[in-house]
Amino acid sequence: MRSEILQAALSAVSIEGNNASQEFLLAEDFSGFAGHFPGYPILPAIVQTLLGQLVAEQACGEARTLISLSRAKFVRQVHPGKKIRVEVELKTRDEGVQVRTSLYQEDEKSSEFSLLLQGKD
């Protein structure tokens, strides 16, 4: 699924200091929508989490292992065919890299959460 998400990117990741962002367009046939829900596809929270992780990994320059997810708020359903903007803020912690993540669909916040990824920069 990682490669399928990266193929859906509309542009390269944009990095400014400790912040990064990237836009995606996930089509209705994207595997992340399969079965969630038939006739009314919405993007599962776990796939939204993976979007944040992938943008953070690109900003870090390497793959990272997800340690934890916290402070998650999923406030708006994400549907196929809508442009999604993923914004992350990275902070180095003793236990890894904290990633504050926000997903926007058509400039309205869909979700926000904090990831902890293994490793330091």
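Predicted model: local features only at pLDDT ≥ 70, side-chain atom pairs only at ≥ 80, totals over all residues.
Helices (H or I, at least four residues) and strands (E, at least two) are DSSP runs, numbered from the N terminus.

**Ground rules.** Residues are numbered from 1 along each chain as its sequence is written, and side-chain values use heavy atoms, with hydrogens and water left out.

**β2, partners.** Next I looked up what β2 pairs with; two strands pair if DSSP finds at least two bridges between them. With β1 the pairing is antiparallel over three bridges, and E16 stands opposite N19. The β1–β2 hairpin has two residues between the strands, and G17 there takes a positive phi near 65°. With β4, β2 is again antiparallel, over seven bridges; I84 in β4 is the bridge partner of F24.

**The whole sheet.** Then I zoomed out. Six strands make an open sheet, ordered β1-β2-β4-β5-β6-β3, with antiparallel pairing. β1 (14–16) and β3 (66–74) are the edge strands, each pairing on one side only. Neighbouring strands are turned by 20° against each other on average, direction ignored. For angles, axes are lines fitted to C-alpha atoms, for helices over the stretch in contact, and values run from 0 to 180 degrees between N-to-C directions. I also checked α2: this helix packs on the sheet, touching β1, β2, β3, β4, β5 and β6, and its direction makes about 60° with that of β4. Contact here means heavy atoms within 4.5 Å.

**Core.** What is in the largest nonpolar core? I get 27 residues, and those with the most contacts inside the core are I5, L43, V86 and V99. β2 (19–25), α2 (45–60), β4 (83–93), β5 (96–105) and β6 (108–117) each supply at least two residues, and α2 gives the largest share, seven residues. My criterion for a core: buried Ala, Val, Leu, Ile, Met, Phe, Trp, Tyr and Cys residues joined through side-chain atoms within 4.5 Å.

**Two serines in β6.** β5 and β6 run antiparallel, joined by nine bridges. S111 lies in β6, and L103 stands opposite S111. S111 counts as buried because its relative accessibility is 0%. Its side chain has a 2.7 Å polar contact with that of Q48. S114, also in β6, counts as buried because its relative accessibility is 7%. The S114 side chain makes a polar contact with the Q98 side chain at 3.4 Å. A polar contact is a pair of N or O atoms within 3.5 Å; within protein, one must be able to donate a hydrogen and the other to accept it, and residues adjacent in sequence count only if both atoms are side-chain atoms.

**Rings.** Last, I searched the whole structure for aromatic pairs and got two. F30 and F33 form an edge-to-face pair, 5.8 Å centre to centre with 80° between the planes; both F30 and F33 are buried. Rings of Phe, Tyr and Trp (its six-membered ring) pair if their centres lie within 6.5 Å; planes under 30 degrees apart count as stacked, over 60 as edge-to-face and the rest as tilted.

Technical notes: Buried < 20%, exposed > 50% of the residue type's maximum accessible area, 1.4 Å probe, protein only.
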